[in-house]
2 protein chains.
Amino acid sequence: MNNNGILVVISGFSGAGKGTLVKKLLADYDNYALSISMTTRKSREGEEDGVHYFFVDHEKFEKTIAEDGLLEYASYCGNYYGTPKAYVEEMISKGKDVILEIEVQGALQIKKKYPNSLLLFVTPPSAQNLYDRLKGRNTETEEQINKRISRAVEEADWIEKYDFLVINDTLDECVKNLNDMITAAHYSPDRQQELIHKLKEDLDLISKGE
Amino acid sequence: MNNNGILVVISGFSGAGKGTLVKKLLADYDNYALSISMTTRKSREGEEDGVHYFFVDHEKFEKTIAEDGLLEYASYCGNYYGTPKAYVEEMISKGKDVILEIEVQGALQIKKKYPNSLLLFVTPPSAQNLYDRLKGRNTETEEQINKRISRAVEEADWIEKYDFLVINDTLDECVKNLNDMITAAHYSPDRQQELIHKLKEDLDLISKGE
C-alpha cells in the first residue's frame, strides 16, 4: 500500500478549540508532524523561530514565493503568512501525516492544488456552545465576540467543502475521532492508486497463467 | 449530531476474507447489525431461517418486490436473493450501522439509491496473496480458482467506485481499520446535514442578537 503521509488541513470556527485538539493529537499519536508557517511579522514575546513560526524578512519571503516554495500564502495587515512546501513534502514522503491549521480560504486553495489533502472542519456541538466558549474566555469584549460569530456565519457556508466535521464535544473522544478520520482517509481509492494499479496488473497476469 | 446508523455495504474479491472480517467486526464492537438476505432457494444443512437467510417461497418474494420491500434483489440460477428493507431501516433508525455483504453490482445499485451508504471493498494486500489464499483452501480445482481470479479481474475495475479499500493483511488491524472507516464516515458533511443546518440557523440568530 501507499506509505506516504497525508496533508491534513484543519480549519474551524474561532473558539472551537482547534489548538487544543491539534496539541493533544500530536501528543497522543506519533505519526503526525505539524506544519510551521513562515511569516514576515515580528516575533512576539515567548514565540520561537522554527517552533511557532519561521520568522523571515520580506525579501526572503518574496524569494520563497518566486521559487514556488510555498503551498499557499496570504498577506494580512502588511505581513505575509505562508506554508513552506519543502518541510511538508519531506514529512509526507517519510510517511508522516502533516497537520496544517489554516483558515477556510487557504484550505480550499490547498484542496484545489492537492486534491488528496484531507480537509477537516472543527466545530463545537452547537452554536450556543461556541458562544459560551468565546464568552467563557473572558478575554474579549461583546463586540469582539459578535465579530467572531459573524465570521462563523460566513465560514459555516463552506463546511460542505470539507471531508469531515470534527465535533469538539468531549476532548478525548474528539481526538480519537480525529485520528480515526485521518487513518481511514489513507484507505480511500484516490490515495491507494498504486496498490489498485498493481493489483489489477498482477491479477491480470495470474489469470493469463503468467 | 445525527444519531442514525449507516448502511455499510461490504464487497470484495472471493477469497479476500470478507466473512471472517465481518464476523470479527460484529464480535468486537456492539454498534453493528448484520443484514440478513431473503432467498427462495432451499436451506442447506446447518442453515437456519432468520440467521443465515430468511427462507421464503417465490410468491412471498414477489409480493415483497411488489411492495417495494427490498433494497435490492437479483436472481441467480432460478432463485431470488434480496435485502429486506424493513430490518435495515429499523436498525439504522436505532443508530446501528448495518452491515450488508453483497457483490459489486448490488453494491452500486445500493449506492445509487442511498447515496449516504458507505461502500467498502475488501482485498488481500496483493494478487499473489489472493491466489495463495484460494489455493490454500484446498477445496477447489485449479479451474475453479482461475474462474475466481478472472472474476477478480473484472471486479477490480469497480474498486474506484468504493469509499474505502479494506486491505486484509493482519486480521486484528484490519478489523480496527474497518471500524475506524465506519466511525469516520459518520462525520462526513453529507451525513451531518441536520447538525450543519442547525448550526447555521443558530449562529445566524446569535449574530443578530436574538
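Of the 112 residues in the largest nonpolar core, which touch the most other members?

**View 1. The largest nonpolar core of this predicted model.** The residues that touch the most other members are A:Leu7, A:Phe13, A:Leu120, B:Leu7, B:Phe13, B:Leu120 and B:Ile182. A nonpolar core is a set of buried Ala, Val, Leu, Ile, Met, Phe, Trp, Tyr and Cys residues joined through side-chain atoms within 4.5 Å. Buried means under 20% relative accessible area (1.4 Å probe, protein chains only).

**View 2. Contacts of B:Leu7.** B:Leu7 touches B:Leu71, B:Val88, B:Ile92, B:Val98, B:Leu100, B:Ile110, B:Ser117 and B:Leu118 (heavy atoms within 4.5 Å). Residues up to four places away in sequence are not counted.

**View 3. Where chain A meets chain B.** Each side is listed by its residues: 43 from chain A and 43 from chain B. The two chains bury about 3,600 Å², 73% of it on carbon and sulfur atoms. Buried area is the accessible area (1.4 Å probe) lost on putting two parts together, summed over both. In chain A, A:Tyr187, A:Leu203 and A:Ile206 lose the most area to chain B, together 18% of what that side buries.

**View 4. A salt bridge between the chains.** The side chains of A:Asp157 and B:Lys200 pair at 3.7 Å, N to O. Four salt bridges are counted between chain A and chain B. The term needs a side-chain nitrogen of Lys or Arg within 4 Å of a carboxyl oxygen of Asp or Glu.

Residues are numbered from 1 along each chain as its sequence is written, and chains are lettered from A in the order in which they are written. Local features need pLDDT of at least 70, side-chain atom pairs count only at pLDDT 80 or more, and totals for chains, interfaces and linings use all residues; side-chain values use heavy atoms, leaving out hydrogens and water.

Definitions and conventions. Buried means under 20% relative accessible area, exposed over 50%, partly exposed in between (1.4 Å probe, protein chains only).
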